[in-house]
Amino acid sequence: VISAYKMEVERMGTSNPRASQIVTFNGVTYLTGQTSDVGATAKEQTEHVLNKIDGLLAAAGTSKSSLLTAQIWLKNISKDFAGMNEAWNSWIDPQNKPTRACVESRLARDALLVEIQVTASNPSFLRRKSAL
């Protein structure tokens, strides 16, 4: 089935020379990995990262209730998994949980304990494009 709307890529937050903050294509919004060095624990950093994700999803016209996938990187999974999960579980929409992967990885700066990248469906993008 070929859609009636024009297949366009929408990019937002493009001031970084390496990546866009948000890319939406074909009704799916992709966020770049989000980090925060605010907070001394993985729970505190995760809460801050999730607030950033809420703002980026809203800017794209979608929300955490439309999440499809989440990838999470932790600096020290044995130390930080429980705290990250505590923040995640209190944030996530329990009726609309995405698929999720969580692994241990060396992160870009020593102060970072967590990085999260998500994708979400974006029906408002499809409505905007079909109205053109």
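These legends go with several close-up views of one predicted protein model.

Residues are numbered from 1 along each chain as its sequence is written. In this predicted model, local features need pLDDT of at least 70, side-chain atom pairs count only at pLDDT 80 or more, and totals for chains, interfaces and linings use all residues, while side-chain values use heavy atoms, with hydrogens and water left out.

View 1. Helices (H or I, at least four residues) and strands (E, at least two) are DSSP runs, numbered from the N terminus. Along the sequence the pattern reads β-β-β-β-α-β-α-β-β-α. The chain has 132 residues, and 38% of them are buried (under 20% relative accessible area, with a 1.4 Å probe and protein chains only; exposed is over 50%, partly exposed in between). Its accessible surface comes to about 7500 Å² (Shrake-Rupley method, 1.4 Å probe). Carbon and sulfur atoms own 52% of that surface. Take the contacts (heavy atoms within 4.5 Å) between residues at least 6 apart in sequence: 70% join residues at least 24 apart.

**View 2. Strand β2 pairs with β1 and with β3.** Strands pair if DSSP finds at least two bridges between them. Strands β1 (residues 9–12) and β2 (residues 22–25) run antiparallel and share 4 bridges. Here Arg11 has Val23 of β2 as its bridge partner. Strand β3 (residues 28–31) also pairs with β2 in the antiparallel sense, over 4 bridges. Ile22 faces Leu31 of β3. The β2–β3 hairpin has 2 residues between its strands, and Asn26 takes a positive phi near 55 degrees.

**View 3. Helix α1 crosses helix α2.** Two packed helices are described by the angle and the distance between their axes. The axes of α1 (residues 42–60) and α2 (residues 77–91) come within 8 Å and cross at roughly 35 degrees. Axes are lines fitted to C-alpha atoms over the stretch in contact, and angles run from 0 to 180 degrees between N-to-C directions. The crossing is right-handed (the near helix is turned clockwise from the far one by less than a right angle). Residues of α1 in the contact include Leu50 and Ile53; those of α2 include Met84 and Trp88. By class, the contact has 7 nonpolar, 2 polar and 5 charged residues.

**View 4. Ser66 sits in the loop between α1 and β5 (67–74).** Is Ser66 buried or exposed? Ser66 counts as buried because its relative accessibility is 18%. Beyond its neighbours within four places in sequence, Ser66 is in contact with Ala120 and Ser121.

Note on methods. Ala, Val, Leu, Ile, Met, Phe, Trp, Tyr, Cys and Pro count as nonpolar, Asp, Glu, Lys and Arg as charged, and the others, Gly among them, as polar.
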